Every structure is written in C-alpha cells, then in structure tokens.
Amino acid sequence: MNMRYFASAMLVVAGVFLASVRPAVAGQGHHGHGGAAEPATAPPADAVEYPDCAHCGMDRAKFAHSRMLIVYHDGEKVATCSIRCVALDLKDKKNKPVASFQVGDLTNGTLIDAGKAHWVIGGDRRGVMTKTPKWAFADKGAAEAFIARHGGTSATFAEALKAATDEL
C-alpha cells in the first residue's frame with residue numbers, strides 16, 4: 001500500500017473520530033458531584049473574580065447554576081459552589097452578621113437575591129454537594145415548572161438553608 005495513501009486514510013479516520021466525540025452534557029458530574037457541563041459562554045464575573053469554592057475548591061463557573069456569594073457586613077466576600085458550602089461558612093463564622101446572600105438561578109446561572117428567590121428542595125435532579133438538592137429560581141413559574149417535571153417542594157431561602165445546615 002502506498003504510504004501517502006495510508007497516511008491520508010488515517011487522517012480521515014482521525015477526523016471522523018474527532019467529529020463524532022460529543023461534548024459533555026448538562027447533568028454530568030464533576031469530581032463525582034452532579035451538576036452542569038462546561039459553560040458555553042464566558043463565565044460570570046463573580047466566577048472570574050472567585051473561580052473556586054472557598055470550602056471545597058469546586059469550579060464555580062461550572063456550577064454557575066448553584067453557586068452562591070455571601071457578603072458579610074464587614075465587607076468580606078465568600079464565594080461558594082452551593083448552599084451546602086454556605087452552611088459550612090456560616091457554621092465556621094457563628095454570629096457574624098451577613099449583609100447579603102446571592103445564588104445562581106438554576107435556569108440561567110444569573111446571580112439573584114437568595115432571600116427573594118423561589119427555592120425548590122428535593123426532586124429527581126441530582127444536587128450539588130448534597131443528597132437532597134436545593135435549587136433557586138428568580139421566576140416563580142420556573143420553580144413551579146421544575147417541580148411539575150422533576151418533583152420537589154417549594155421552599156424559602158431560610159428553609160433551604162436550614163435543610164443544608166441539617167445535612168452537615
């Protein structure tokens with residue numbers, strides 16, 4: 001067989017193979033944790049500033065849909081991958097006053113006020129760093145649609161945080 005023909009044929013086979021490899025899909029895990037695939041767009045600004053979870057080191061851009069940002073009254077900011085890691089931080093800093101909690105909206109990863117979010121606890125979608133998933137939505141209709149499709153119950157931020165704290 002002509003060596004040039006063989007080399008060309010191998011390049012074609014390699015090209016077909018590489019074209020058939022599918023990218024990761026939402027829901028595949030990262031380090032054994034459920035969650036989203038690599039983000040298709042630029043990472044959120046807070047995930048660029050704080051790329052890793054302060055408690056477990058997980059990539060916050062990959063978990064934009066569950067990430068949280070705590071701002072304490074003294075100005076300290078703590079960036080986490082999930083409400084579980086927020087519960088750990090609050091446990092470590094007992095009685096330290098919090099100015100705000102922000103959480104990634106499950107539908108698009110945008111940071112929203114955790115206290116105003118519509119939370120869902122439970123359901124069949126695997127959570128991040130938890131046995132019982134806890135998801136936040138800016139839109140009540142989106143939370144209700146999630147419950148209709150995946151199960152779970154509506155909750156407040158306080159209830160979701162208590163559930164995360166109880167799991168520690």
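Predicted model: local features only at pLDDT ≥ 70, side-chain atom pairs only at ≥ 80, totals over all residues.

Reader: Why is leucine 168 called partly exposed?

Author: Its relative accessibility is 36%. Buried means under 20% and exposed means over 50%, so leucine 168, at 36%, counts as partly exposed.

Reader: Which residues is leucine 168 in contact with, leaving aside its neighbours within four places in sequence?

Author: They are Arg84, Ala87, Leu88 and Lys91. Leucine 168 and leucine 88 are 80 residues apart in sequence, and their C-alpha atoms are 7.6 Å apart in space.

Reader: How is the protein built up along its sequence?

Author: It has five helices and seven strands, and they follow the pattern α-α-β-β-α-β-β-β-β-α-β-α. Of its 168 residues, 36% count as buried.

Reader: Which residues of helix α3 are buried, and what covers them?

Author: In α3, residues 83-92, the buried ones are Ile83, Cys85, Val86, Ala87 and Asp89. Their cover includes the strands β1, β2, β3, β5 and β6, together with helix α5.

Reader: Where does isoleucine 83 belong in the largest nonpolar core?

Author: That core has 20 residues, and isoleucine 83 is among those with the most contacts inside it, as are Met68, Phe101, Val103, Ala114, Trp119 and Phe157. At least two residues of this core come from each of β1, α3, β3, β5 and α5. The largest share, four residues, is supplied by α5. Leaving aside its neighbours within four places in sequence, isoleucine 83 is in contact with residues including Met68, Trp119, Phe157 and Leu161. Another core lies apart from this one; it has 13 residues, among them Val120, Val128, Trp135 and Phe137.

Reader: How do you know that cysteine 53 is in no disulfide?

Author: The nearest cysteine sulfur, that of cysteine 85, is 3.6 Å away.

Reader: What makes cysteine 53 and cysteine 85 buried?

Author: Cysteine 53 has a relative accessibility of 5%, and cysteine 85 has one of 0%. Both values are under 20%, so both residues count as buried.

Reader: Why is the pair of arginine 60 and aspartate 46 called a salt bridge?

Author: Side chains of opposite charge can pair when their charged atoms come close. For arginine 60 and aspartate 46 the N to O distance is 2.7 Å; the limit is 4 Å, so the pair is a salt bridge. Arginine 60 lies in the loop between α2 and β1 and aspartate 46 in helix α2, so the bridge ties together parts that are 14 residues apart in sequence. Arginine 60 is buried, at 0% relative accessible area, and aspartate 46 is buried, at 10% relative accessibility.

Reader: How many salt bridges are found in the whole structure, and which residues are joined into one network?

Author: The search finds eight salt bridges. In one of them, glutamate 76 and lysine 93 meet at 2.7 Å, N to O. Glutamate 76 lies in the loop between β1 and β2 and lysine 93 in the loop between α3 and β3, so this pair ties together parts that are 17 residues apart in sequence. Lysine 93 also forms a salt bridge with aspartate 89, with the closest N and O atoms 3.2 Å apart. Through shared partners, Asp74, Glu76, Asp89, Lys93 and Lys96 are joined into one network.

Reader: How do you know that aspartate 105 has no salt bridge?

Author: The nearest side chain of opposite charge, arginine 125, is 9.2 Å away. A salt bridge must fall within 4 Å, so aspartate 105 has none, although it is buried. Aspartate 105 is placed in the loop between β3 and β4.

Reader: What joins the side chains of aspartate 105 and threonine 107?

Author: A polar contact of 2.6 Å joins them; the limit is 3.5 Å, so the term applies.

Methods. Residues numbered from 1 in each chain as written. Heavy atoms only, no water. Buried < 20%, exposed > 50% of the residue type's maximum accessible area, 1.4 Å probe, protein only. Lys, Arg positive; Asp, Glu negative; His and termini not counted. Polar contact = N/O pair within 3.5 Å; in protein donor to acceptor, adjacent residues only side chain to side chain. Contact = heavy atoms within 4.5 Å. Core = buried A, V, L, I, M, F, W, Y, C linked by side-chain atoms within 4.5 Å. Disulfide = S-S within 2.5 Å.
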